[in-house]
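User: I am new to this structure. Please take a close look at one part, the sheet and what surrounds it.

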Amino acid sequence: MSEYIQRDHKQLLEFLYACPIGLVEFDADGTVAMINPNAMKHLLPLAGARDPSNLFVMLEGCAPELRNLFESYPRNSGTICDGHRIAVDIGPGRGGKDPKVLACTLLKLAPDRAIATFTDITVQVAQERRLKQAETWFASLINVVNDYAVLSITTEGVVLSVNEAFTRQTGFPVDQVIGKPLETILNGDPASGSPCLSSRLRLAERDGWYLDESWQVRTTGERYWSQCLFAARPGDQGEAVGGYFVVLRDVVRDTSETSDLRRVLWFDHLTGAANRTYFLQQFEREQRRWRDDRQPLSLVLLDIDHFKSVNDAYGHPTGDIVLKQLTQACNALLRPSDVFARLGGEEFAALLPNTPMSEAVVIADRLREAVASMAFIVDAAPLSITASFGCATATQECSTVEGLIALADAQLYAAKHAGRNRVNAAADLMSTE
């Protein structure tokens, strides 16, 4: 080796070792050709018992969509994804830190050669979440004031006063509203998952304000999408909360959840199920509601039985079809307020707000039957699958996302050991409903 080549080789190694981001070169199957120490630091803990020499396999537990993104990319070279976010942690990170999030960029160099970069953006994501909360608050203040219907209510929710904009917006005359409970005027819309009035007031008392959106109904019967802000006001006698201001605004419903950007951020690329990031956001919201209202909150985990043999026997394209159809079948059976998410390769979760364990078991069994009844034809031969289910419900002793997942996971694997294609739930929890 010439002196120049030796020098270049040494400089390349120094660059790879000192590079502050993770770098991985891999082939079309995911087999790793080169990996630098920064990437190993992030990826090896995720591999667990999986093959650490394959990038897709290492990330199967938290980012199964990367393989699908790579395989569906139509060009021989180019950027497949840029800054794709991977939610590494379920629940708080180690030592109570913010959940770890990685940003991944995939760059295809040739049909059988690609590079992946990984950057830890945990701090950035935590800051974004806090900024979004502040942005939501200020966004409700900077628009035209005349568009707002403003009410003053007591701590019990009885209307004390309203402005003229309230009548313009809702059609209710002022004299028909004063002295009435607000919950008889506002639409509760429980199907949307909106909390009841008492829950909103408690959240406003705790945080100083509470903001959500829901359908409301004018006196003409017309439905409109309303943004509703509850703000606590101090009492005249020095009480921390002497009542609340309620601000209603007729807004255009944001249906951009299906836009490309939000779809990429919140939904699994292959199946369309919610991804880990969206699941965690919704779990935190429902956990707060469970804590404040004591409405039951259940979680169902499901794992396809012998899914590896499907991939081994029929290939990943067939396995992908199975995952997509399973998602469609399960989503069709769940309620609008439920969240169906893909947590790993063939592992899914159904988050069920306002659902006790007994009802969660019924829902899980309904999903089990739907999965078992799915029919596939592969190479002119029938293919059927089953799945095993584990159920858990939030309790005083266990309400964290990692705790509930651990409980449901234990029941899921009990179902596997008991013969698969069945639903298991903790007997002691069933008896305490």
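**The open sheet**

Five strands make an open, antiparallel sheet, ordered β7-β6-β10-β9-β8. Strands here are DSSP runs of E with at least two residues, and helices are runs of H or I with at least four, numbered from the N terminus. Two strands pair if DSSP finds at least two bridges between them. β7 (159–162) and β8 (209–217) are the edge strands; each has a single partner strand, so one side of each lacks a neighbour in the sheet. On average, neighbouring strands are turned by 25° against each other, direction ignored.

This is a predicted model: local features need pLDDT of at least 70, side-chain atom pairs count only at pLDDT 80 or more, and totals for chains, interfaces and linings use all residues. Residues are numbered from 1 along each chain as its sequence is written, and side-chain values use heavy atoms, leaving out hydrogens and water.

β6 (residues 148–153) pairs with β7 in the antiparallel sense, over three bridges. L151 stands opposite V162 in β7.

Next, the helix. α7 (residues 197–207) packs on the sheet. This helix touches β6, β8, β9 (223–233) and β10 (243–250). Contact means heavy atoms within 4.5 Å. The direction of α7 makes about 155° with that of β8. Axes are lines fitted to C-alpha atoms, for helices over the stretch in contact; angles run from 0 to 180 degrees between N-to-C directions.
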